[in-house]
Amino acid sequence: MKKNRQYDILSKIESHKKRLNYQTPKLKTKQSKFINYTIMQRLQHFKNDNELTSTFPVKIRKVPKSLEDIVRITKFNKSEIRLLYKGFKQECPSGAVTERDFQTIYSHFFPHGNCRDYTNYLFRVLDRRKRMYFTFEDYIQALSILVRGDIKEKLQWVFRFYDISDNGKLTKQTIETILRSIYDLLGPNSCIHQPLTDATIEKHSACIFEKLDFHNAGSINFDDFENYCLQDAQLLNSISLLSNTAI
């Protein structure tokens with residue numbers, strides 16, 4: 001609709017410009033130059049506006065695949081998918097979620113925290129095709145892994161979330177960056193037993209990474225991550241609880 005309106009306005013400007021060409025002899029030179037300059041400025045404005053709207057997905061409408069297709073690519077049944085889509089549609093009527101939309105949604109659930117960094121990292125994983133938005137299919141495929149996937153699928157997803165550099169390796173710095181975003185998300189009162197400081201986060205990160213980096217290589221790959229997680233009964237129990245989450 002906006003694009004059609006811009007075309008209508010551009011047509012009117014061009015029409016007015018043509019009429020000015022016939023009227024130019026009757027106009028004073030300065031007045032004619034001023035009007036032509038104004039018209040060119042308006043044309044440039046609309047050109048720039050068109051470039052802006054084509055760069056950012058301002059008005060995206062995405063219709064999801066058929067129910068049968070989604071059943072095939074996930075581990076949900078039709079009734080679960082309908083329920084999930086109803087909730088998704090209420091939050092995202094256009095069918096596509098931009099990073100700003102995602103941040104707004106999370107801010108409703110964590111009003112006392114700062115969700116900017118956490119949603120940025122999570123959005124990166126959901127926007128698998130790097131389109132600056134994710135759709136219902138992206139969302140439900142991720143949820144299918146976290147809720148119904150086997151332990152390896154879940155660990156692969158968690159590793160991708162922590163791998164903010166997309167290089168297949170985790171370092172103490174990446175662990176610390178994710179932990180800091182989680183603490184920011186939960187808010188200033190998230191740490192009950194001791195005050196939350198930079199030193200606290202650094203100590204927590206170092207402790208986690210020391211357990212993961214048993215080769216003392218300074219970085220770990222997915223195999224290292226998986227081997228450690230499979231030996232931690234408490235961690236495996238926490239991950240398995242995702243499978244029992246009510247939808």
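Which residue forms a salt bridge with aspartate 198?

What we have here is a predicted model. In the UniProt record, an unreviewed entry, residues 150-185 carry the annotation "domain: EF-hand". That stretch is 72% helix and 0% strand, and its end C-alpha atoms sit 28 Å apart.

Back to the opening question. The partner is arginine 180, and the closest N and O atoms of the pair are 2.8 Å apart. Aspartate 198 belongs to helix 10, residues 198-212, while arginine 180 belongs to helix 9, so this bridge ties together parts 18 residues apart in sequence. Aspartate 198 is partly exposed, at 48% relative accessibility, and arginine 180 is partly exposed too, at 24%.

Staying with salt bridges, Arg128, Arg129, Arg131 and Asp138 are joined into one network through shared partners. The total for the model is 13 salt bridges.

Glutamate 176 bridges to lysine 172, with 4.0 Å between the closest N and O atoms. Both are in helix 9, 4 residues apart, which is about one turn of the helix. Glutamate 176 is buried, at 8% relative accessible area, whereas lysine 172 is partly exposed, at 35%.

Last one, I promise! Arginine 124 and aspartate 166 meet in a salt bridge at 2.8 Å, N to O. This pair links distant parts of the chain, 42 residues apart: arginine 124 is in helix 6, and aspartate 166 is in the loop between helix 8 and helix 9. Arginine 124 counts as buried because its relative accessible area is 17%, under the 20% cut-off.

Thanks, all!

Terms used:
Residues are numbered from 1 along each chain as its sequence is written. This is a predicted model: local features need pLDDT of at least 70, side-chain atom pairs count only at pLDDT 80 or more; totals for chains, interfaces and linings use all residues. Side-chain values use heavy atoms; hydrogens and water are left out. UniProt positions are given in the numbering used here, feature names are shortened, and annotations may be inferred rather than shown by experiment. Helices (H or I, at least four residues) and strands (E, at least two) are DSSP runs, numbered from the N terminus. A salt bridge is a side-chain nitrogen of Lys or Arg within 4 Å of a carboxyl oxygen of Asp or Glu. Buried means under 20% relative accessible area, exposed over 50%, partly exposed in between (1.4 Å probe, protein chains only).
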